[in-house]
Amino acid sequence: MEQQCSKQRTGRPYAAYRRAERGQSLVFIALVLAFLTPFIFTVIEFSERQMEVAQMEDALQQSIRSAVQSFDYAHLAHNGQRIDQQRALQTARETFVQNLSAVSGLAERPEALAARVTWRVLPEGGTCSFSDGQAQTFDRPAMCAEVLPVMTGFGLLGYAPYRPLITAAATLDALEQ
């Protein structure tokens, strides 16, 4: 009677049941890791690229904000407001090269990248048109820039370098009268 009860409960002896289940979790873990590892690497790569683009946008935006404050002092003496184009362009390039030292994933020298930036100075306002079709109109002096940097990414999965369009614009602070 005792043998009959144990067979009814499990259908086979406990040791045989335990041997048949051994190793199944290892196969499951191996399959999960085979799919999970590339997914994790893709998430890391995507996050790294987003961070690199944000750093590049910040570097360009900060250089534009610094450069747009280059007043034309002769015009300012007559209660006017205009940007000194030469000084603004020089300030923008120098500041951009300095800001690029904090950008990770840059595949080219900062000086070479700064030389490729398209700077637009609108000394008395106007419209900035970017190559992606967007436009911004300003009613006072402004400055715009765009560049296509070569970025590398983290490179965990061997993705090729990429070229995001980075744009920035800023206006001269309003003159209080």
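I take a patch to consist of residues with over 30% relative accessible area and no salt bridge, with like charges joined within 9 Å and nonpolar side chains (Val, Leu, Ile, Met, Phe, Trp, Tyr) within 5 Å. Accessible areas come from the Shrake-Rupley method with a 1.4 Å probe, and for residues only the protein chains shown count as cover.

I note that the model is predicted: local features need pLDDT of at least 70, side-chain atom pairs count only at pLDDT 80 or more, and totals for chains, interfaces and linings use all residues. Residues are numbered from 1 along each chain as its sequence is written, and side-chain values use heavy atoms, with hydrogens and water left out.

Entry 1, the chain overall. I looked up the secondary structure, taking helices (H or I, at least four residues) and strands (E, at least two) as DSSP runs numbered from the N terminus. The chain has six helices and five strands, and its pattern along the sequence is α-α-α-α-α-α-β-β-β-β-β. I recorded an accessible surface of about 11300 Å², 54% of it belonging to carbon and sulfur atoms. Of the 177 residues, 31% count as buried; buried means under 20% relative accessible area, exposed over 50%, and partly exposed in between (1.4 Å probe, protein chains only). With contact meaning heavy atoms within 4.5 Å, I found that residues 24 or more positions apart account for 65% of the contacts with a separation of 6 or more.

I found a nonpolar surface patch of about 860 Å², made by F28, I29, V32, L33, L36, F39, I40, F41, V43 and I44. F28 lies in helix 3 (residues 24-67). F28 counts as exposed because its relative accessibility is 57%.

Strand 2 (residues 126-129) and strand 3 (residues 135-138) pair in the antiparallel sense over four bridges. S129 has A135 of strand 3 as its bridge partner. Five residues stand between the strands of this hairpin, and G133 takes a positive phi near 95 degrees.

I searched for pairs of cysteine sulfur atoms within 2.5 Å and counted one disulfide. The disulfide joins C128 to C144, with S to S 1.6 Å. The pair links distant parts of the chain, C128 in strand 2 and C144 in strand 4 (residues 142-147), 16 residues apart.

Methods: Salt bridge = Lys/Arg side-chain N within 4 Å of Asp/Glu carboxyl O. Pairing = 2+ DSSP bridges.
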